[in-house]
Amino acid sequence: MSVLVGTDTRLCVSGITGSEGSFHSLNNRAYGTNVVSGVTPGKGGQDVEGIPVFNTFHAAVEASEANTAMIFVPPPFAADSILEAADAGIETIIAITEGIPAHEELRVYTQIKRMPGVRLIGPNCPGVLSPGKANVGIIPASFFKEGNVGVMSRSGTLTYQIGNELAQKGFGNSSIVGLGGDPIPGTSFVDVLELFENDDQTELIVMSGEIGGDAEEVAAEYIAEHVTKPVVGYIAGFTAPPGKTMGHAGAIVSGSKGTAAAKAEALEAKGVRVGRTPTQVAEIAIEILGG
Amino acid sequence: MAAAEQIGYPCVVKAQVKIGGRGKAGGVKVAANADEAREHAEAILGMDIKGFTVYELWIEEASEIEAEYYAAIVFDRSARAALVMLSTQGGMDIEQVSEENPDAIATLHVDPLLGFQPFEARRLAFDAGIDADLIRPIGDFLTRLYETFIAEEAMLVEVNPVIITPERKVRALDSKVTLDENALFRHKENAALRDPSDEDPQEQMARDRGLTYVKLDGDIGILGNGAGLVMSTLDVVAQYGGSPANFLDAGGGSKADAITSAVEVICSNEKVKAVLFNIFGGITRCDEVANGLIEAFASAKPSVPFVVRLDGTNDVEGRKILADANLPGVYTASTMNDAAEKVVALAKGESL
């Protein structure tokens, strides 16, 4: 198996007629993802290289039986699009859009959590790739092959860096999950740890965190209680000064809270090995898997 | 002085700076008459408060104070809800109160979809030990504060002190507000409040060019694509004994003009002795980065050495373009660690 996206995925893309939206939708389809429909209000009836476009998510779901949504619309419209997808019955919503205002993100998060069976990944994330099965988002799939390492990360390019080092040593991935760099991600490390723990294909979990918030600390507690598979950690931002947003809206050390050192300590205190460079993460993973 | 004359005496002369603790630093003074007002204004203008120079003053009517409270609402990302705080121990040392006696601050999380309810305001006021006659006025005050927090899409609104006058009126004497950068597009009036005078020149230049840049103390300029990778690059450079001069994320689709802009911003910092380009191409194509770098060298003519690591999408083409161009002072590296080691050596003046 794999997690979140796979051979059962039936994808509907919000913003499919935009230049970025169409480019990545077609890329995902070329990889083998079953892209069944798209949504652009006012462009219902058109198609993007054969992918039918609908005015609303409700119409798209009814006609194409989509179960997964990718959100590719600009920030002022993205929260609304996520809520529309959820209301139309989509189960897995993957939001790529960066720059959604924090208050809107909080309201959307709260609403989605109250809808049983609906899961939001992102926003501000690169998507989810299950090598050999499906790619939803902007992860460059050619670097990754099928295997037994599950990866979850708050950063896109850092994921590619770590994944690539593993691939060079011959290891592949069950799924690569981009959680996104925003302050209120729809899905947290803990949520994905649970999925990987229950996924047969996954034998080792790589967790790539960064400064800001306390998701890594919460994950450390969860790992100690509930995860039997080995977890290797990485934290970016040891040299980040307090009070500065480091690219991602959520990557900020507030006062003495959310530092990389505190996160690495929290993980190590629960027996999780933390690599100090992306290369070291790959080395530890290979050591554990016996490469 | 016109403001002081209009308000009358006694009045209060306050330094307007974007940092707390100005009262302790001598940035707030009461003036009984025009001479004192002038004297205080002259003393406070130009004063340095924790690295912030005072360019503006705020003059207000002096208030008679019976009690000083503290009220704040913060966007609490860990709890995924707004956190409302109220304390009867307001005034200058609220940070100390929160550390030494956290129970003196009553707190409550608000349901983001329901909003702040009157019963919550009452509960918070009772929990904080507010006098019975002030429960309703303080509750109204907190409700208005929450409305402001929501309407302006703030990450923090803090009023310290909230004062109680001898007539038992509630008034806000000073406040601090932090706004959400991502929401500024629909708050034009707030966006206009940005004061370029207290921003770093490179950070300002980067903002004008749509780049994400953070100035740091060191001498190694850094550029990468993706926030996480750049943060990681800073860490790896530090592990090899170097000191990064900046964080610069050239973003997802790093196009040639973005690279040129980035080189100009990085090199305008005179402390920079060497520059590291760390690119792992996903959406970003390494051949475009290489072409961008060649253009940047043609227009910006940097005088410091560069180490370039290109990996990922079109990396072979990108490396070939760089090799063919044979730019002066440009070194290539195959891995992130190798690149960090090389740039640290170059910044120390060693030759490769």
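How much area do chain B and chain A bury between them? In this predicted model, the two chains bury about 3,900 Å² between them, and 62% of that area is on carbon and sulfur atoms. The size of an interface is often given in just this way, as the accessible area lost when the parts come together. Counted by residues, 46 from chain B are in contact with 52 from chain A.

Polar groups also take part in this meeting of chains. Between chain B and chain A, 15 residue pairs are in polar contact, and 3 salt bridges are found across the interface. A salt bridge joins the side chains of D111(B) and R114(A), with 2.6 Å from N to O. On the side of chain B that touches chain A, several elements each supply at least two residues, including the helices α5 (135-151) and α12 (336-347) and the strands β7 (81-87) and β9 (154-164). The helix α8(B) gives the most to this side, with 10 residues.

The largest nonpolar core holds 94 residues, and the members touching the most others are M152(A), V177(A), L193(A) and M246(A). Both domain 1 (11-121) and domain 2 (144-289) of chain A give residues to this core, so it lies between them. Leaving aside residues up to four places away in sequence, M246(A) touches I211(A), A240(A), P241(A) and A251(A), along with V214(B), A227(B), M231(B), L234(B) and F247(B) from chain B. Apart from this core lies another, of 33 residues, with Y109(A), A106(B), L108(B) and Y146(B) among them.

Methods:
Residues are numbered from 1 along each chain as its sequence is written. Chains are lettered from A and ligands numbered from 1 in the order in which they are written. This is a predicted model: local features need pLDDT of at least 70, side-chain atom pairs count only at pLDDT 80 or more; totals for chains, interfaces and linings use all residues. Side-chain values use heavy atoms; hydrogens and water are left out. A nonpolar core is a set of buried Ala, Val, Leu, Ile, Met, Phe, Trp, Tyr and Cys residues joined through side-chain atoms within 4.5 Å. Buried means under 20% relative accessible area, exposed over 50%, partly exposed in between (1.4 Å probe, protein chains only). Domain bounds come from an automatic or database domain assignment. Contact means heavy atoms within 4.5 Å. Buried area is the accessible area (1.4 Å probe) that two parts lose on being put together, summed over both. A salt bridge is a side-chain nitrogen of Lys or Arg within 4 Å of a carboxyl oxygen of Asp or Glu. A polar contact is a pair of N or O atoms within 3.5 Å; within protein, one must be able to donate a hydrogen and the other to accept it, and residues adjacent in sequence count only if both atoms are side-chain atoms. Helices (H or I, at least four residues) and strands (E, at least two) are DSSP runs, numbered from the N terminus.
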